Amino acid sequence: MEDTMDEDRTAELQRRLLQVQQRIDRAVTASGRTSSPRMVVVTKFHPALDVQRLVTLGIRDVGENRDQEARAKAAEVELLAAAEGAAPAGVGWHFIGQLQSNKAKYVVRYAAAVHSVDREALVTALSTAMVREQRRRHEEGQPLRQSLDCLIQVDLDPRPPQDRPEGIGARGGVGPDGVMALADQIAGAEELTLRGLMAVAPRGLDPVPAFERLQGISAAVVARHPEATWISAGMSQDLEEAVAAGATHLRIGTDVLGPRPEVG
Ligand SMILES: *Cc1c(COP(=O)(O)O)cnc(C)c1O
């Protein structure tokens, strides 16, 4: 049983973080960029204790793809901090998975950002949930939260759905033609902030043309919504290609945390 901060695990995470950061630094140099992307460490399937360890190592942005797991973990991380008499952990939770509209009311309680906005109904649900959440906080005398950072998940896979292999991000995302309408909707929605775009490279295909396409769509969106500059792209396997194509946020799971444990 694991019930204390395990030095070995913390040291392992530190070593892996360093290796990933070195890859990012090399990719930044190779592509001639002047700014480094942010790392969002994807902690899905890993315990709250790992999030706490990552916080001690300076990580503030973590990603989760399922509401139930993320909700419980966010609460546990705060309990762990309180048990140590520490200040609130100050973690920014990034929701990166497929999101059902009826979960919006839970997600706005803990998430700073949603990377996977891909349809009108979800924008409406998130905005409504945020307005209610702010009202609840106001009525309970709690400080209001920041507006919710929203990224549009773009489906870059040229294959029809039935021809795609299963895998991370195999579902979800709006086609490139639908991006601008969603951007306009988010930009006009109460308590939401349009931050930019997110994508997962199509499984089994070269990520380079996909990420370049994303960069082109991003430029078009920024021309109309100058604040929407985030490009969330790149995972453990393709972070170099994402950096070369202008990613501002990388979502790294396996190469920081190791293989995801099986959960029954
Ligand atoms: C799990 C996940 C990641 C992280 O993938 P790794 O290959 O473990 O780095 C990134 N983005 C999304 C949307 C994910 O679901």
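A crossing is left-handed if the near helix is turned anticlockwise from the far one by less than a right angle, and right-handed if clockwise. Helices (H or I, at least four residues) are DSSP runs, numbered from the N terminus.

This is a predicted model, in which local features need pLDDT of at least 70 and side-chain atom pairs count only at pLDDT 80 or more, while totals for chains, interfaces and linings use all residues. Residues are numbered from 1 along each chain as its sequence is written, and side-chain values use heavy atoms, with hydrogens and water left out.

**Helix packing**

Two packed helices are described by the angle between their axes and the distance between the axes. Axes are lines fitted to C-alpha atoms over the stretch in contact, and angles run from 0 to 180 degrees between N-to-C directions.

| Pair | Angle | Axes |
|---|---|---|
| α1 (residues 7-30) and α2 (residues 48-56) | roughly 60 degrees | within 10 Å |
| α2 and α3 (residues 67-83) | about 60 degrees | 9 Å apart |
| α5 (residues 120-139) and α6 (residues 179-187) | about 10 degrees | 10 Å apart |

Angles under 35 degrees count as roughly parallel, over 145 as roughly antiparallel, 65 to 115 as roughly perpendicular and the rest as oblique.

Take α1 and α2, whose axes cross at roughly 60 degrees. That makes α1 oblique to α2. Their crossing is right-handed. Arg9, Thr10, Leu13 and Leu17 of α1 touch Asp50, Arg53, Leu54 and Thr56 of α2, where contact means heavy atoms within 4.5 Å. By class, this contact has 3 nonpolar, 2 polar and 3 charged residues. Ala, Val, Leu, Ile, Met, Phe, Trp, Tyr, Cys and Pro count as nonpolar, Asp, Glu, Lys and Arg as charged, and the others, Gly among them, as polar.

α2 passes α3 in a right-handed crossing. Ala48, Leu49, Val51 and Gln52 in α2 meet Lys73, Glu76, Val77, Leu80 and Ala81 in α3. This contact has 6 nonpolar, 1 polar and 2 charged residues.

Helices α5 and α6 pack at about 10 degrees. That makes α5 roughly parallel to α6. The crossing is right-handed. Glu120, Val123 and Thr124 of α5 contact Leu182, Gln185 and Ile186 of α6.

**Rings**

Arg71 lies over the face of Tyr106, at 3.9 Å from the ring centre. A charge sits over a ring if NZ of Lys or CZ of Arg is within 6 Å of the ring centre and within 35 degrees of the ring normal.

Terms used:
Helices (H or I, at least four residues) and strands (E, at least two) are DSSP runs, numbered from the N terminus.
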